[in-house]
2 protein chains.
Amino acid sequence: MPNKPSPSMQDVYTKPGHLFRRMQQIAVAIFVEECGALDLTPVQYAALVAIRDDPGIDATRLSALVAFDRSTLGSVLERLETKELIVRRPTPDDKRVKVLHMTPRGARLLAKAMPAIDRAQERMMAPLAPAERKVMMTLLAKLVHLNNDASRAPLRIEHANARRAAAPRKRRVNGNANEPSHV
Amino acid sequence: MPNKPSPSMQDVYTKPGHLFRRMQQIAVAIFVEECGALDLTPVQYAALVAIRDDPGIDATRLSALVAFDRSTLGSVLERLETKELIVRRPTPDDKRVKVLHMTPRGARLLAKAMPAIDRAQERMMAPLAPAERKVMMTLLAKLVHLNNDASRAPLRIEHANARRAAAPRKRRVNGNANEPSHV
DNA sequence: TCGTTATTGACAGCATACTGACAGACTGCA
DNA sequence: TGCAGTCTGTCAGTATGCTGTCAATAACGA
C-alpha cells in the first residue's frame, strides 16, 4: 500500500472544485449587490433576456437555452410571473405547453438593470489585468463548452426554435446526442 | 460592436457571470457523479477535511475556514452528524460553543473517497491542455483571492486557531475589519 | 387505428447559499 | 460588579439546483 497522505485543507484550497465554488459565491454576491435594489437575481436576469430574445418560447426550450434544470426553472418563472415581468399562456396547438412572453414592465426593468449588470460583470474580473481577463475568459469558455454535457442541464441552443421550425424528431442515442456545433 | 441596445443571449453566454455559474454547475455534477455512491457532496467533503485537520474546532471558525455561510454550515453539520461522520460536543469552557470531531467512520469514508475526489478534480480540467490548466488555476486562484471579501462567507484562515491560541480580541472597525493581508 | 413511447409542466424531497433575527452566553470596561 | 456590546448556534424565510415521479398530452409505428 502506497499509503498516500490524506489531503489537507491547504490542498483543498488549490483544487478546481473549491475555487469554482468560491468564484460562483463571489459572482452571485457581486451581482446581487449591484442588482439587489431591482430584486433581480442572476438566474432571473438570464431567463428574462432569453424570453425577450425568443418571445413565445416554452419552458422546456428555455431551460435548454439558459442551462437551467427544468424543475428549477418552474419556480423561477413563477416568481417572474408574480412580479409581472413575464406572462405564461397556454397554447391551442399543444395543451401541455405554456408559452412565455415578457411584459412591458419586464422590458422596462431589463433596460433599467443593464448598467448594474455591466458593473457587476466588470467587478468580478476587476482584480485581473486586462490581458489576464482575456485569457481567463477564453479558457473558461472553452472549459464550460467542452464540459457542457457534464451537467444535468446542458446548454442546447439548437433546441430553441425546434418547435417553431418543426424540426425533425430527435433520436436520443444513448447519452449525449446533441454535441453543440458552436465554439 | 454591440450595436444592439439591450444585451442578447449571445452576449450573456460570453459574460463571466454566466460562465462561472455554468462551471460550478458542471463541477458539482462531476463531483457528485464520482462521489455519489459515497453520499458525499463537495461541501460536506470540505467540511470533513477541515475538521480532521483541526479537531475540536467550532462551527463559526469552521465556516471561516471553508468559506461557508454560518447559517448554511449548521445544516451541513447536522447531516454529517446524522451520518455519524462527525460528532458535536458542548464544551465546559464556553456553553455557547459546540466543538467538532471526526469519527472513525468519517475517517474511513474520507480515505475511501480520496480516489473519487481526485478523479473528479481531474475530469473538471480534462478539456484543457496541461499548460492551459496551469494558467487557468493561477488566474482563478488570483481572482478568488483578491475578491475574497466580496461574498458573505469570505475565507478567514487566521480565525481557525483564534480560540485555542487565545488570540487578542479583535477590534471591529466599522465594516470589514479583516482585510486579508496576504496577496 | 391503436397501443407504445416521448414530451411537458408540475410536484415532492434533498442540499447549498444567503438575509435577517433571536436567546443565551460571554467579555471588556466603566 | 454591572452592564453594554459581542459572539454562538439556531431558526425562519427566500432562491437556486438536483433527483425523482406523475398525469395529461402528443407523436410514432406496427
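**Sheets, helices and the two copies**

User: What angle does helix 3 of chain A make with strand 3 of chain A?
Analyst: Helix 3 (residues 42-53) of chain A lies across strand 1, strand 2 and strand 3 of chain A. Helices (H or I, at least four residues) and strands (E, at least two) are DSSP runs, numbered from the N terminus. Axes are lines fitted to C-alpha atoms, for helices over the stretch in contact, and angles run from 0 to 180 degrees between N-to-C directions. Relative to strand 3 of chain A, helix 3 of chain A runs at about 95 degrees.

User: What pLDDT do local features need in this predicted model?
Analyst: Residues are numbered from 1 along each chain as its sequence is written, while chains are lettered from A and ligands numbered from 1 in the order in which they are written. This is a predicted model, in which totals for chains, interfaces and linings use all residues, side-chain atom pairs count only at pLDDT 80 or more, and local features need pLDDT of at least 70.

User: Which strands of chain A stand at the edges of the sheet?
Analyst: The open sheet of chain A has three strands in the order 1-3-2, with antiparallel pairing; two strands pair if DSSP finds at least two bridges between them. Each edge strand has a single partner strand, so one side of each is left without a neighbour in the sheet; these are strand 1 (57-58) and strand 2 (86-90).

User: Which residue is the bridge partner of I86(A)?
Analyst: Strand 2 of chain A and strand 3 (residues 98-102) of chain A run antiparallel and are joined by five bridges. In strand 3 of chain A, the partner of I86(A) is M102(A).

User: Which residue of strand 3 of chain B stands opposite R88(B)?
Analyst: Strand 2 (residues 86-90) of chain B pairs with strand 3 of chain B in the antiparallel sense over five bridges. Two bridges join strand 1 (residues 57-58) of chain B to strand 3 (residues 98-102) of chain B, where I57(B) stands opposite L100(B) and D58(B) opposite V99(B). Opposite R88(B) stands L100(B).

User: What is the handedness of the crossing of helix 2 of chain B and helix 6 of chain B?
Analyst: The axes of helix 2 (residues 16-35) of chain B and helix 6 (residues 104-125) of chain B come within 9 Å and cross at roughly 150 degrees. Helix 2 of chain B is therefore roughly antiparallel to helix 6 of chain B (angles under 35 degrees count as roughly parallel, over 145 as roughly antiparallel, 65 to 115 as roughly perpendicular and the rest as oblique). A crossing is left-handed if the near helix is turned anticlockwise from the far one by less than a right angle, and right-handed if clockwise. This crossing is right-handed.

User: Which helix gives the most residues to the side of chain B that touches chain A?
Analyst: 54 residues of chain B are in contact with 54 residues of chain A, contact meaning C-beta atoms, placed from the backbone, within 7 Å. Elements giving two or more residues to that side of chain B include helix 1 (9-13) and helix 7 (130-146) of chain B. With 15 residues, the most is given by helix 2 of chain B.
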